[in-house]
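Subject: Structure for you to look at

Hi,

Here is the structure I said I would pass on. Have it open while you read, and turn it around as you go.

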Amino acid sequence: MSTQVKQNSKVSLFIPCLVDQVLPEIGLAMADLLRKLGYEISYNPRQTCCGQPAFNAGHRTEARTVARHFLQTFAEADYIVSPSGSCTAMVRNYYPVLFAKDDSLMTQVKSLQKRTFEISEFIYAENKVDQISGHLDLKVSIHNSCHSMRELGIDNQIEEIIRRIDGVEIFIPQVEHTCCGFGGLFSYKMPDIASAMAKSRFEAYNGADLDVLIVNDPGCIQHFRAEASSAGFKGEVLHLVEFLQKAMVSA
Amino acid sequence: MSSRDRILQNLQVPNSLKKESSQPFQDSSIYSDYPEKTKEELIEAFRAHFLALNGEFFHVRSKEEAAERVAELLHSVEGNRYLVDSNPLCRDIFSSVPELEKQFDDITKTSLEAMEFAEYSIGLTSADFLVARTGSIVLRSSIAAGRRLSVLPPLHIVVATVEQIVPSLDAALQNSEFRNGEWSYGTIITGPSRTSDIEKILVLGAHGPKRLALILLDA
Amino acid sequence: MNNYSHFLKEAKTMAANETHRLKIKKAITSYETQVAAMKKQQFSDWREARDVATGIKNEVLENLPDLLQQFEEKLTSRGAKVLWAENAEQARNYIGEIIARHNARKVVKSKSMTTEEIELNEYLEKLGIENWESDLGELIVQLAGEKPYHIVTPAMHKSKSEIASLFVEKLGIEYTENAEELTMAARAHLRKAFVTADIGITGANFIIADEGAIVMTENEGNGRLGMACPKVHIAIAGIEKMLPRLADLSLFLPLLSTSGTGQQLTGYNSFVRGPQSATEPDGPEEMIVILLDNGRSGIYRQEKFQHVLRCIRCGACLNACPVFRTVGGHTYATTYQGPIGSIITPQLRGMGEWQHLAHACSLCGACTEVCPVGIDLHHLLLETRWQAEQEDAASKKWHFAIQMWSKVITKRKMVDALRPLLKLFIPVVKPFMSANQQKRLPEMAKKSFAQMWEKNEFSR
Ligand code: SF4
C-alpha cells in the first residue's frame, strides 16, 4: 500500500461481524494496539457487517443492501482499520463490483477504498513498525490469509512486524501456502472438504512444535480453532493483534 | 444455414476485452536463458540441454568421423535393419564409407508396409534446425522422408551441421523458407520419447524412440 | 440422486481418504517443485510472459470468426477437410460417417479431452469399433474402466501397485511395480495397434490460423504414431484453441509445458497442415479437422465469461486448487475438473445441474495466481454463483436465510436484541447437524463488541 496516512489522524475501527459477535477480544486487542501506537480511536456501533458473507455466496442483492449500510456508517470516518484481510478486500476490491452501475455510490466507494486498511498494512503505511516492541519466548508461525495475500497483496509485512518482538522464533513452512479451508459459507456448505483442507494446512506446521499460529483474519482463526484438535495441532491460534497485545504487555 | 455459418454467426458479438497491442514478441525479450550469439555458445547451450534430456550427443569434425559414430551406433542396438532418408548430408557422410551405406535401406526406394516398418531398429534423418535454448530438433516431413521414419524405430539418429543451430524457437518458426514448400507435417523433438504417467517417475521410450542421438558436424 | 448430492457424498468419502490425499500430495509436490524451478530457469519474469500470452489470446477472441475462416481456408487448400460441429452429437456423427465410409474397424486415439467431452469412447463402443487409448495415462484409466482423473495427468490417482495389478489382469504381464517395466508393457501392448489401426484420432492443443495447422503436444510419441501410421487422421479441436501465428508457439509451447508439467518444452510438439503430400512417402491419405463449438460460442457471447476461452488446458489451476486436492478429479463428475471445470461446466452443460461446482471453492485465489493466460478464475466462480441466483438456479434455502440475515444485520438494535435468542437457538439445532458442522458452530461471545464498547469495558 503506497497510500500514506497523515500522522496521528483519527482511526475508526472496522469491526467485522464475526469479531463483533464471536471474537470481540480481537477487536479489543486491535483498539489497544492502535492506542499504544498513539492513535485516537473511534467506533461507530451502527456498523455490523460489510456484506461479504452474502456477496461471496452469490447473493448480490442482499450484499448490496448490507454494503449500502456500511457506506453510510463510515461516510464520515478518516481512516478505517480492520483486523480482517478479507473484509478489507471486500470493501476495496468487491464494492466496486457491487456498485459498478451506480455512479453516485461509486464515488463513495472510491473514497472509502483509499481510507480502508487491514491492520498490518496500516502499521506499514504509517511507518509504525519501529514503534512495536516487546518480548515473548515463543515459537510461532504465520498464516497470511488468502485474501490478505492475493487480494490485498500483503506479503512479508506480518513477519516483519512479528520480528520486532524479542525472543520470538518464527518457523517458516517449507511448503507452498495453501488455504485453511474457511471460505465463509463454503465451510458450512461443504464442511467435510473444509475440514480436510484445514488438516492439510496444519500439516505444514507438523513437527515444528509451535506455541502459537499467528493469523490475520478472524474467519481463518475461527476455522483453525475448530479444527485444531482433530488435526492434532497443540499450539494456540491467535490473531496478530492478540499476539502483539500479549507481547507488548509482557515487555 | 449450415453449422459452419451458425457457429460463425454466434461469434459475431461486440467484444469488450482489454485490447492489448499485438506486437509480435521476441523470444529474446521473454526468456532469461536466451543464449548468446557466438557459435560456440550456441553449440554449448544446445549440448547442455540435449544431454540433460538424455540425448546422445556427438560433436564431430569430419564426415569420416561422423560415419564412425554412425557405425558405432549400429552396434549398440539389437536387430540389423536400418533405414535412412536420402538427404545430401547423409549421402555425404556415407560417401566416405560405402559399406556403411549398404547396411541402410533407403526409405525413398523401399515401399514399406506398416508391419514391416516396425521391424527397423534405427531411423537416420537429417534436421531443419537445432534449437539451442531448449535442445530441440526441428524436423519437417519433407526432409525426414515422411512421418514414420523419425518415430517408429527405437533409435532415432539425427545428423546436422552447426550451421543449423538457431538460438530459440522463434527463429525457426519465423523462417519463411522453412514454412514454404510442400510438406504436411513438422515436429519439434525435445529428447527421446518419455512418460511420467506412473507416479511421476520418468521413463524413456514410451511409444516413440527410446534413444535419440545427434551427430553434429562442423561444416 | 442429483449432481449436487452426488458431489457432496463423493467429496465426503474422498475427504476422509487418507491414501488418496497422500498420493495426490506426493504427485503435486513433485509437480510444484519442477514448475517453480522451470519458471525461474527460463523466464525473465513469468508474469510478463503470462501477460504477453494473455494479450495474444485476447487478440484471438477479438478476431475469432476471421481466424477460424483463415484456418479453414489454409488447411483445406492442402487437401484436408474441415467440419464444423455445433454440438457433441454432431461431432460424433461426423466421426461415425467417416468410420462407415472407410469401413474402419480399429481406431487408435491419443490423449484428447475434447473427445472425452463428446463422449467418443462410449459412442465407438456402441458402434462396435475397436478403440485403443494410446497415451499411457489414458490407457490406464481405460483399462480400469474409469474416466480421466485430471485433464493433464489422467492417472494421477493411481499408484504403481494399482497399475501393476491392473496390468496383470488386463495385459497378462508378470506383476511388477517397476515403472519402466510397466511402461514397456504398455508399449508392447500398443505397438501393433498403431500399425494396424484404420483411423488415428487426436485432439489439438493449438490450431494456427496463418499456417492452417493443428498442433499436438505430447511426451510419449503415441500422438505422432497415430498421425503417421493410419490412413485417416481425424483431429478434433475446440474453436477456442486458436493462435494467430505459427511463431506464437515459441511462447505458448514453453508456457504450456512449464505450467502443465514443469518441462521447458514437451517432448514432441507436432504441427500438421494436411494429409500426405505428393512428395512424401507416407502419412494419412485423408485428414479431417472437426471444429467443435458445443457451448463455446455461448460463453463467447457473455461479456464476463468470454475471457475464460483463453484457457490452454494446462491443468495448473487443478494442481493449485486445495479443493481439487481434497476431493480428487472424479468427484467433479465432469470432463474438465478443478477451477476451470467448475466455471465452464455450468456454462456448457447447464447452470441448474452444475452450479453447485461454483460453490466448491473457498475463494482462495490460488488458481488465478498460477493461470498462464491470466484467467480470473476465482472471481469467475463468484460470478457463476451470482449468475445462478439470477437464473433462479441457486439454492433457495440459502438464499432465504441470507435474505432474513440481511434484514437483521443492517440494524444494530435488532442484532443485539437477537443475540440472546441465537444463543438459545444454537443448542437446539446442534443435535441435527453432522459432527463436522457442529464443531464449526460459532460460540457466541458473552457480549458483542458493540455492547462492550458501549459499557466502556476497556480503557479508551
Ligand atoms: S484456466 Fe488457466 S490454469 Fe486452468 S487449465 Fe486453463 S490455462 Fe491452465
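This is a predicted model: local features need pLDDT of at least 70, side-chain atom pairs count only at pLDDT 80 or more; totals for chains, interfaces and linings use all residues.

**Chain B as a whole**

Chain B contains nine helices and twelve strands. Of the 219 residues in chain B, 56% are buried. The accessible surface of this chain is about 9200 Å², and carbon and sulfur atoms account for 49% of that. If you take the contacts in chain B between residues at least 6 apart in sequence, 74% of them link residues at least 24 apart.

**Who touches whom**

Two pairs of chains are in contact, and chains B and C share the most contacts. Chains A and B have no contact with each other; their closest C-alpha atoms are 16 Å apart.

Now look for the open sheet of eight strands, which has mixed pairing and runs in the order 8(B)-5(B)-6(B)-9(B)-9(C)-6(C)-5(C)-8(C). Which strands stand at its edges? They are strand 8 (165–166) of chain B and strand 8 (242–243) of chain C; each has a single partner strand, so one side of each has no neighbour in the sheet.

On the chain B side, strand 5 (residues 129–131) pairs with strand 8 in the parallel sense, over two bridges. There you will see B:Leu130 opposite B:Ile165.

On the chain C side, strand 5 (residues 206–208) and strand 6 pair in the antiparallel sense over three bridges, with C:Phe206 and C:Val215 as bridge partners. These two strands of chain C make a hairpin with four residues between them, and C:Gly212 in the turn has a positive phi of about 60 degrees. Strand 6 of chain C also runs antiparallel to strand 9 (residues 268–272) of chain C, joined by five bridges. In that pairing, C:Ile214 faces C:Val272.

**A covered helix in chain C**

Helix 12 (residues 249–261) of chain C has 13 residues, which at 1.5 Å a residue should span 18 Å; its end C-alpha atoms are 17 Å apart, so the two agree. Twelve of the 13 residues are buried, among them C:Phe252, C:Pro254 and C:Gly260. Just after this helix, C:Gly262 has a positive phi of about 80 degrees.

**Two non-glycines with positive phi**

C:Arg313 is not a glycine, yet its phi is positive, at about 55 degrees. This residue sits in the loop between helix 13 (296–300) and helix 14 (316–320) of chain C, and is buried at 14% relative accessible area. C:Ala333 is not a glycine either, and has a positive phi of about 55 degrees. You will find C:Ala333 in the loop between helix 15 (322–327) and helix 16 (338–349) of chain C; with 39% relative accessibility, this alanine counts as partly exposed.

Cheers

Methods
Residues are numbered from 1 along each chain as its sequence is written. Chains are lettered from A and ligands numbered from 1 in the order in which they are written. Side-chain values use heavy atoms; hydrogens and water are left out. Buried means under 20% relative accessible area, exposed over 50%, partly exposed in between (1.4 Å probe, protein chains only). Contact means heavy atoms within 4.5 Å. Accessible areas come from the Shrake-Rupley method with a 1.4 Å probe; for residues, only the protein chains shown count as cover. The expected span of a helix is 1.5 Å times one less than its number of residues. Two strands pair if DSSP finds at least two bridges between them.
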